[in-house]
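Student: I am new to this structure. Please take me through one part of it closely, and then show me how the rest can be read in the same way.

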Amino acid sequence: MAIVVENVSKQFGSFKAVDEVNLEIESGSLVALLGPSGSGKSTLLRLIAGLELPDKGKIWLTGNDATHQSVQERNIGFVFQHYALFKHMTVRQNIAFALEIRKAKKPKVKERVEELLDLVQLSALGDRYPSQLSGGQRQRVALARALAVQPQVLLLDEPFGALDAKVRKDLRVWLRRLHDEVHVTTVFVTHDQEEAMEVSDEIVVMNKGRVEQVGTPAQIYDHPATAFVMSFIGPVNVLPSTSNIFQGNGFESTNPEMFLRPQDVMIQREQNGTTVAARISRLIHLGWEIQAELTLDDGQVVTAHLTRERFDQLQLQPEERVYVKPKDAKSFPLYYSI
């Protein structure tokens, strides 16, 4: 394992930011720490980096106890949300900086800088200053600088959070390709579920300082371990288990709430023994799919997602009466609010 977090806790005053976390991250993997604000994901990243020391527990890097090592001793590359580039230095000088303070020989520095400029697709911009670059380009420079010293672990704290949606989307694809080329063990913090699902090999879902679940994007989405995970990863309808949509469909539960994904709400024109009546209160065209907001006869409001093909087949209109049933639903003993 590249990183092992062993029973680690960190408290700031009366606030427990990280609460007895145990985590193993495989060498060469790309892992997302995902959770809402205050869940402990950034604190955990800083503990791995050595920017914070744990109150309890140990942190192991490539088999060595790094709990009390300095940041420099850990050989970790760290990329912040706001780049932290030196404004008075060119792109080349920014990338070379860490190598120069380690007194690397000039030919070696030059070779490594040009190699990284090519890797991050900025070879033509090496003599520009950060102010002359776009946000996406500055973030690529920050990544190149972090990779310059060939770290054993690369840590990224919400690296795309300051960028607009289109640039963020492009950089996700770029980061995944970059990782597949360099194979550095990478951990990045995000509160964006789509970003975590798209980029990572594995997702660590955090809530209130604890790890709720660790798994691949498919495992996290299809087999959530807790109510929090299901409610945080992707859209979901949270309904009373007594709602009439669940009656006669084999989804009854003694737990107070049921969780139903919008794509698992089946809409039909005709009634049968397992459907319940609903009124279409609103239709929202999202391009690749249609979102239908439905009001059941018992007053519960349900959101359904339909493919364009299915929507065209049904020819739905607002205020129409339709019939619905769940394709799948889940229940959990406890529900933790976000």
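Tutor: Start with two helices: the crossing of H3 and H5 is right-handed. Keep in mind that this is a predicted model. H3 covers residues 91-101, and H5 covers residues 135-147. Their axes come within 7 Å and cross at roughly 30°. An angle under 35 degrees counts as roughly parallel, so H3 is roughly parallel to H5.

Now look at the residues that touch. On the H3 side they are Val91, Asn94 and Ile95. On the H5 side they are Val141, Ala144 and Arg145. By class, this contact has four nonpolar residues, one polar and one charged.

Stay on H3 and turn to another partner, H4. This helix spans residues 106-119. H3 and H4 pack at an angle of about 130°, and their axes are 9 Å apart. That angle makes H3 oblique to H4. The crossing of H3 and H4 is right-handed. H3 brings Val91, Arg92, Ile95, Ala96, Leu99 and Glu100 to the contact. H4 brings Val109, Arg112, Val113, Glu114, Leu116 and Leu117. Eight of the residues in this contact are nonpolar, none are polar and four are charged.

Val91 and Ile95 are listed in the contact with H4.

How exposed is each of them? Arg112 has a relative accessible area of 12%. Buried means under 20%, so Arg112 is buried. Glu115 has a relative accessible area of 43%, so it is partly exposed.

Go back to H5 and follow it to H6, which runs over residues 165-182. H5 and H6 pack at an angle of about 25°, with axes 11 Å apart. H5 is therefore roughly parallel to H6. The crossing of H5 and H6 is right-handed. From H5, the contact takes in Gly136, Gln139, Arg140, Leu143 and Leu147. From H6, it takes in Val167, Leu171, Trp174 and Leu178. These residues divide into six nonpolar, two polar and one charged.

Next, leave the helices for salt bridges elsewhere. The search of the whole structure finds 21 of them. One joins the side chains of Glu20 and Lys56, at 3.2 Å from N to O. This pair links distant parts of the chain, 36 residues apart. Glu20 sits in strand E2, residues 15-25. Lys56 sits in strand E4, residues 56-61. Glu20 counts as partly exposed because its relative accessibility is 36%. Lys56 counts as partly exposed at 37%.

Another salt bridge joins Arg321 and Asp297, with the closest N and O atoms 3.0 Å apart. It also links distant parts of the chain, here 24 residues apart. Arg321 is in strand E17, residues 321-326. Asp297 is in the loop between strand E15 (289-296) and strand E16 (301-307). Arg321 has 48% relative accessibility, so it counts as partly exposed. Asp297 has a relative accessible area of 52%, and exposed means over 50%. Asp297 is therefore exposed.

Some salt bridges share partners. They join Lys169, Arg172, Asp192, Glu194, Glu195 and Glu198 into one network.

Where is Lys10 found? Lys10 is in strand E1, residues 3-12. Is Lys10 buried or exposed? At 11% relative accessibility, Lys10 counts as buried. Set aside its neighbours within four places in sequence. Lys10 is then in contact with Phe15, Lys16, Ala17, Val18, Thr43, Leu47, Glu52, Leu53, Pro54 and Asp55. Compare sequence and space for Lys10 and Gly57. They are 47 residues apart in sequence and 9.2 Å apart in space, C-alpha to C-alpha.

Definitions and conventions:
Residues are numbered from 1 along each chain as its sequence is written. This is a predicted model: local features need pLDDT of at least 70, side-chain atom pairs count only at pLDDT 80 or more; totals for chains, interfaces and linings use all residues. Side-chain values use heavy atoms; hydrogens and water are left out. A salt bridge is a side-chain nitrogen of Lys or Arg within 4 Å of a carboxyl oxygen of Asp or Glu. Helices (H or I, at least four residues) and strands (E, at least two) are DSSP runs, numbered from the N terminus. Buried means under 20% relative accessible area, exposed over 50%, partly exposed in between (1.4 Å probe, protein chains only). Axes are lines fitted to C-alpha atoms, for helices over the stretch in contact, and angles run from 0 to 180 degrees between N-to-C directions. Angles under 35 degrees count as roughly parallel, over 145 as roughly antiparallel, 65 to 115 as roughly perpendicular and the rest as oblique. A crossing is left-handed if the near helix is turned anticlockwise from the far one by less than a right angle, and right-handed if clockwise. Contact means heavy atoms within 4.5 Å. Ala, Val, Leu, Ile, Met, Phe, Trp, Tyr, Cys and Pro count as nonpolar, Asp, Glu, Lys and Arg as charged, and the others, Gly among them, as polar.
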